[in-house]
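Me: Could you take a close look at the side of chain B that touches chain A, and then tell me about the partner it sits against?

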Amino acid sequence: MSNDPIFRNALSIGVATAVYAVSFGVLSVAAGFSVPQTCVMSLVCFTGASQLTFVSVIAAGGGVAGALPPALLLAGRNALYALSLKGVLSGSAPKRALRAQVVVDETTAMAHAQPTVAAKRRAFDLTAVCLFTAWNVGTLVGAVAGRGLGNPRDYGLDAVFPAVFLALLAPQLRGPDAMRAAVAGALIALALVPIAPAGVPIIAASLGAVPVLLASTRRRRAPLGHAPEVGR
Amino acid sequence: MSWWPVLALCASAYALKVLGLVVGERLDGETSERWSLEIVVVPVLAALIVIQTFTSGQRLVFDARTPALVVAAVLVWRKAPFVVVALAAAATAALLRLVA
């Protein structure tokens, strides 16, 4: 399996995620959540940015009423992701319900970076398994071991995620339509960051696809091209 | 800490994921083909990249993550393996912070 690029990529995403999960575990316990509560959050919520924001706002004294709205705004993009993964989230009703649980940034980006539906499904499932394991093991370690494990920033791990998402976005940028949508999304997000609550800029960025969608309804053809493989 | 905030977050996070799934399934084949919904992910991922690189809270910043993304972009353009891209970005940011 070590020669399988999808599995290797999923594994590297898992490793970087595990370190972030440790910091979530530490933060959550520091914010006053118990170890079981912290682990239930990672198992059942399973959406990293929302969980981190939720416990950070509570740790900062913002209360549940202050913490829930930004956490849900950050989780809102998962709805867009699930919508875009129509055809990938397949199987029986219980399987689809299970797959819906693991619709997050990493699984969606890995799926869409693949050229065929079969490869998309495989990339989604493999990334989901690696990510779910890493996120939950890391959370438990952080919640139990507590502080003293160092800051992920010291290892430059905060720079890994944009790099990884760039590698996953690149094969989807074939053609001027996709490029325009990407630039529009980035500009919308940067313009909104100083003025809008966290989570809103990323959801609003999806509007960058509107001109392409409208154009594609006129032309009646698929605007997206794909490279054959990621990262090779 | 009581359990209800945990459960409220869990329930609503899952509801959002299922919402997208259900809406997607309700769309008939012709609609989803014509609207090629995959394109929606492109601007969202682009936004995620710039937000994770250029922001700190609500401020726009240029720090060690900026050169790390430049290094990653060059490696992606040169078709470097995924793991190399990830490690090079981490190493760039970590070294710059060590020096600074």
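Reply: Happy to! In this predicted model, 65 residues of chain B are in contact with 84 residues of chain A, where contact means that the C-beta atoms of two residues, placed from the backbone, lie within 7 Å. On chain B, at least two residues of that side come from each of α1 (4–26), α2 (29–35), α3 (41–54), α4 (65–77) and α5 (82–99). The top contributor is α1(B), with 17 residues. Helices here are DSSP runs of H or I with at least four residues, strands are runs of E with at least two, and both are numbered from the N terminus. Sorted by class, the touching side of chain B holds 48 nonpolar, 10 polar and seven charged residues. Ala, Val, Leu, Ile, Met, Phe, Trp, Tyr, Cys and Pro count as nonpolar, Asp, Glu, Lys and Arg as charged, and the others, including Gly, as polar.

A word on the ground rules. Residues are numbered from 1 along each chain as its sequence is written, with chains lettered from A and ligands numbered from 1 in the order in which they are written. As the model is predicted, local features need pLDDT of at least 70 and side-chain atom pairs count only at pLDDT 80 or more, while totals for chains, interfaces and linings use all residues.

Staying with chain B, K79(B) lies in the loop between α4 and α5. The phi of K79(B) is near 60°, a positive value in a residue other than glycine. Most residues other than glycine have a negative phi.

Now to the partner. Chain A has 11 helices and zero strands, and 54% of its 232 residues count as buried. Its C-alpha atoms fill a box of roughly 55 × 45 × 40 Å along the principal axes. In α1(A), 20 of the 26 residues are buried, so this helix is largely enclosed by the rest of the structure. After α1(A) comes G32(A), with a positive phi near 110°.

Chain A also has a positive phi in a residue other than glycine: that of F46(A) is near 45°. F46(A) sits in the loop between α2 (35–45) and α3 (48–59) of chain A, and it counts as buried because it has 24 C-beta neighbours inside 10 Å.

How values were computed:
A residue is buried if 20 or more other C-beta atoms lie within 10 Å of its own, exposed if 12 or fewer, and partly exposed in between; C-beta atoms are placed from the backbone.
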